Amino acid sequence: MATQSSVPPIATETFSAESLTKRPRIGEALIQVFLFSCGIISIFTTIGIVIVLAEEAIKFFALPQVTLLEYFTGTKWQPAIGYFGVLPLVLATIMISGIGMVVALPIGLLTAIYLSEYASPRARNILKPLLEVLAGIPTVVYGYFALQFMTPVLRSIFGVQQVQIFNVASAGIVVGILIIPLVTSLSEDALSAVPRSLREAAYALGGTKWETARQIVLPAGLSGVTAAFVVAISRAVGETMIVAIAAGSGPRNFEIGKDSLFGFIFNPFVAGETMTGHMVRISGGDLSYNSVEYLSIFSIGLLLFVMTLILNLIARRIVTKYREVYE
Amino acid sequence: MSDESTTYIAPEPKFGYPAGPKLDQQIKARHRRGQFWYVLLGASLIVSILALIALLYTIVNDAFGLAAVEYKNDPTRLVVEQQEKVMLADRDTVSSEDDRELAAGIMNDPYAIGFFGYAYYQQSSDNLTLLAVDGITPDAGNVEDGTYPLARPLFLYSDARVLENNQAANVFINYYLTHVNEEISDVGYFPLSAGRISQAQQTWKQANALDLPAGQWAAINPDGVGGSLSIAGSSTVYPLTQRMLERIKADGFVGDTSDESVGSTAGYRAFCVDGAADIAAGSRPMNQNEFASCRKIGRLPLEFAVGTDALAIVVSAQNDFLTAVTADELRLIFTTAQKWSDVNPNWPDQPIKRFIPGTDSGTLDFFVETVFPIALDELPQPTLVSILADNVSPGLGRRMESEQRFFADQLVFFSQEQWAEACDGATPYAGCTLPPRAKDSVLQLLNENVTEPNIVAVWKLVPSLLNRAAIEQEALEKYPAASLQFTSWVSTAFLRSPQSSTPELAGVRTAVLGSLWVVAFTALVSFPLGVGAAIYLEEYATDNRLNRLIQTNISNLAGVPSIIYGMLGLAVFVRALEVITSGTAFGAVAAGATANGRTILSASLTLALLILPIIIISGQEALRSVPNSLRQGGMALGATQWQTIWSHVLPSALPGILTGTILSISRALGETAPLVVVGASTFITTDPTGPFAKFTTLPVQIYQWTSRPQPEFQNLAAAAIVVLLILLLSLNATAVLLRNRYARRAA
């Protein structure tokens with residue numbers, strides 16, 4: 001008996017390979033469905049954004065007093081009294097993004113070159129978190145900074161008469177400061193991705209550090225750097241709180257021929273409301289649904305969405321199409 | 001290099017690199033260029049750092065600084081009056097304006113204590129014991145130099161030119177300095193030493209350009225001297241000056257005199273700013289700024305010390321247990337203590353008999369101001385409540401008590417019957433069920449209804465520190481009724497008070513709570529969805545069109561401006577799903593009380609969609625960094641795919657996922673534009689109670705304050721920014737700590 005029992009009995013029940021693979025696992029399937037639906041939410045979000053914006057914008061353009069032609073060519077935006085030219089808002093957005101780019105692109109790129117080519121690992125460990133701090137500060141704080149610091153500085157340089165309290169220049173410069181970290185980190189990623197062998201080849205040919213950076217590394221990473229620039233522009237165009245606080249609360253309506261071109265229309269020291277600034281100001285009040293104002297901000301939102309989407313797509317395109325692949 | 005080039009002659013190359021000295025030049029030029037750009041690169045980096053410094057500087061500069069505050073009721077006065085009331089209320093307290101009566105009362109009772117002018121103690125020092133206060137027994141020396149805590153100097157101020165032009169003033173000061181020590185003890189003050197008096201006389205002699213040797217005095221006979229003389233200032237000096245005026249008139253002075261008892265500060269202002277008074281009387285030295293104001297109107301103040309005011313704390317000579325008291329013991333003895341043993345167990349178990357001067361003399365004021373804390377927020381709650389009860393109408397008081405009662409065990413404005421009736425009735429007061437008010441709440445009621453502070457001017461931190469004198473002078477001229485205070489706009493009161501339209505009472509309580517609610521719900525929604533999507537994309541998704549589309553779409557969503565999410569939230573959560581987001585579908589909110597979908601829930605869902613792409617992308621990165629061998633190990637043991645993910649992949653990816661999530665939540669915490677669009681309330685004073693409540697958040701509050709034109713609101717905005725940055729900083733620090741902790745455990 002004892003000796004017999006020590007031998008394991010031959011299994012009477014056997015698992016066939018088939019039964020193992022095909023066994024349905026409802027729990028696993030449910031989990032997978034849940035995970036998939038999490039992933040698909042992002043698609044719904046996009047669809048939601050497009051539908052919401054388009055639906056209300058179509059309602060807006062269907063209004064009898066609004067025409068598409070006037071919308072894109074009119075130079076006055078006063079929905080309350082029937083002026084629906086989006087140009088003043090778009091112009092302010094472009095000016096602020098432009099000023100921001102003038103500040104952010106050179107500083108951001110040069111900082112990126114410094115960090116990727118010159119800085120010792122120790123310096124990088126100190127400087128990069130510092131830039132991250134700058135990037136982590138909420139934009140409303142930057143708006144406060146523009147109003148309380150940049151505007152007084154500009155006014156003391158250019159004169160109180162010249163510079164209005166709310167002005168495009170101050171908002172633009174601070175938008176620039178806001179996106180410096182973005183430009184820096186994206187560009188630095190692109191530059192660091194350039195393989196070491198290229199640099200070493202340049203040094204071997206007698207290139208100085210700067211010549212290597214400018215003539216070898218920068219062209220090799222150019223696609224990434226360009227993409228960084230485009231993303232930065234898109235970020236500047238969509239930036240809201242800085243312009244809502246510091247750029248003024250009223251569209252800079254103008255008349256071509258009547259208003260001086262650089263004294264008013266393109267004057268950076270005059271107040272000018274951007275698309276985003278206008279949207280925040282109008283929706284901050286008590287807004288009744290389906291009023292002209294309510295619908296109009298959706299039309300502006302759609303325009304903004306399309307603009308930033310195009311910029312983001314361009315940036316993607318640049319990265320995928322022109323990227324130099326090194327083995 | 002150039003030396004060597006002489007030994008062999010290289011042919012001048014037609015192409016390529018130059019040789020000889022030119023090569024040398026070229027190399028140098030290239031190095032210079034490199035140097036130049038190196039400096040430029042460094043400079044560009046410094047620009048960012050400077051921007052960060054300027055940002056922090058601006059915030060700190062606005063979050064602290066001087067403020068000129070006017071009160072409807074001066075809080076110091078309120079506290080003093082309240083303390084006096086408490087002191088006089090006790091039945092064992094004898095109060096008299098006649099200090100001799102007080103002295104007589106104390107002498108005969110071994111358990112009596114009292115205080116009065118030092119002079120009266122001297123008159124009956126045989127029968128009284130003088131107590132040391134905080135270890136200092138008053139004597140001529142320490143009273144005169146102010147080390148005795150209950151002493152203060154008395155001054156007259158005038159100006160050489162005034163004395164020159166105004167014979168009456170000149171003669172009066174001369175007379176004052178001649179005879180003050182003969183009268184001062186009788187008035188109740190402490191005489192100056194001969195040295196101090198002769199110092200004052202020296203000043204007078206210099207002003208009159210009299211070249212007399214020190215110690216020699218030129219007393220002027222006032223007989224027949226006339227003119228007009230105006231004196232203004234301290235109520236403490238007033239009786240002394242009155243006595244001197246009586247005496248000089250008795251000696252034949254025929255001038256036309258006016259003496260106003262308006263307080264030291266007002267007296268100095270009348271002398272230095274308006275120039276109305278010829279002589280200012282004060283019970284404190286003139287400060288630097290008052291000197292500066294005087295100089296501005298061409299007066300150079302001359303200081304004449306005329307005496308010292310000191311209080312003697314005395315017990316009977318029969319008292320055998322007391323020779324010294326501390327300030328703490330004094331506070332107890334003259335207020336709540338009933339028996340000596342209540343103050344100190346070593347003292348006899350006998351009732352304290354108190355003898356104190358009446359409220360008219362100013363002596364009591366001085367005692368209270370010196371011995372008791374005079375800031376409202378240092379007082380205990382019952383004292384605050386009684387100040388409130390004395391200064392608001394019964395109707396208002398009842399309304400306050402009905403909202404929330406002041407004490408658990410007693411009523412202040414209601415009678416017990418009224419209260420019981422109301423609470424048993426159909427519509428009981430909120431106060432029937434709520435716990436009693438905390439001290440802060442009482443302080444707030446006092447601020448709003450009694451002291452009613454009003455900030456009339458503010459200054460930034462840097463000028464407040466560097467330029468204080470000029471600011472104090474400016475405040476003195478422009479806002480004579482205001483008191484200048486160094487204000488930290490970030491304070492515990494700022495954290496605890498709700499929003500208010502008066503900047504000095506406004507706080508961020510509502511906004512901070514709103515932010516926390518919104519962020520909590522945002523995290524609750526976005527974390528599982530984001531991590532789920534990341535797992536799907538990294539672990540399950542095959543490389544097909546749909547999955548590539550999802551991936552592309554997520555990175556595009558990350559680039560959509562946040563305000564667009566606000567529009568989405570407004571149209572979908574606030575408007576289309578109003579039934580759900582307003583809470584009416586769950587019956588959670590009574591009809592009519594809803595926020596029309598502009599609720600915490602709508603805001604959280606909007607922000608959740610906004611940060612979802614960021615969580616997904618960082619989650620994917622964390623999952624990607626988990627080595628494949630872990631997955632294969634799990635699979636090889638027969639685990640299903642989900643089991644492998646749950647028990648192997650997720651734990652080792654968790655630090656990365658958590659870090660990414662916390663960073664994206666800090667993004668949500670700082671987000672403003674979408675919440676404004678979704679409909680954060682512009683003005684809300686009640687704490688949010690749940691997901692269906694109206695809300696405001698800290699960044700929205702900052703935006704609203706920044707948009708106000710009044711400068712005080714900029715200070716509030718700066719203070720709120722400090723709070724916001726601290727919240728963000730602690731959130732990010734949590735992320736770092738979590739990461740380190742998990743990283744260690746995994747290792």
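Three bridges join strand S7 (residues 228-233) of chain B to strand S9 (residues 279-282) of chain B, and the two run parallel. Two strands count as paired if DSSP finds at least two bridges between them. Helices (H or I, at least four residues) and strands (E, at least two) are DSSP runs, numbered from the N terminus. The model is predicted: local features need pLDDT of at least 70, side-chain atom pairs count only at pLDDT 80 or more, and totals for chains, interfaces and linings use all residues. Residues are numbered from 1 along each chain as its sequence is written, and chains are lettered from A and ligands numbered from 1 in the order in which they are written.

S7(B) is also joined to strand S8 (residues 256-261) of chain B, again in parallel, by six bridges. The table lists one bridge for each partner strand.

| Residue | Bridge partner | Strand of partner |
|---|---|---|
| B:Ser228 | B:Asp256 | S8(B) |
| B:Gly233 | B:Ala281 | S9(B) |

Together with helix H9 (residues 238-250) of chain B, S7(B) and S8(B) make a right-handed β-α-β unit. Right-handed means that, with the strands pointing away from the viewer, the path from the first strand over the helix to the second runs clockwise.

Elsewhere in chain B, helix H15 (residues 381-391) has the buried residues B:Leu384, B:Val385, B:Ile387 and B:Leu388. They lie on the same side of H15(B) because they cover an arc of only 160 degrees around the axis, taken from the directions from the helix axis to the C-beta atoms. A residue is buried if 20 or more other C-beta atoms, placed from the backbone, lie within 10 Å of its own. In chain B, buried residues make up 44% of the 747 residues.

Note on methods
A residue is buried if 20 or more other C-beta atoms lie within 10 Å of its own, exposed if 12 or fewer, and partly exposed in between; C-beta atoms are placed from the backbone.
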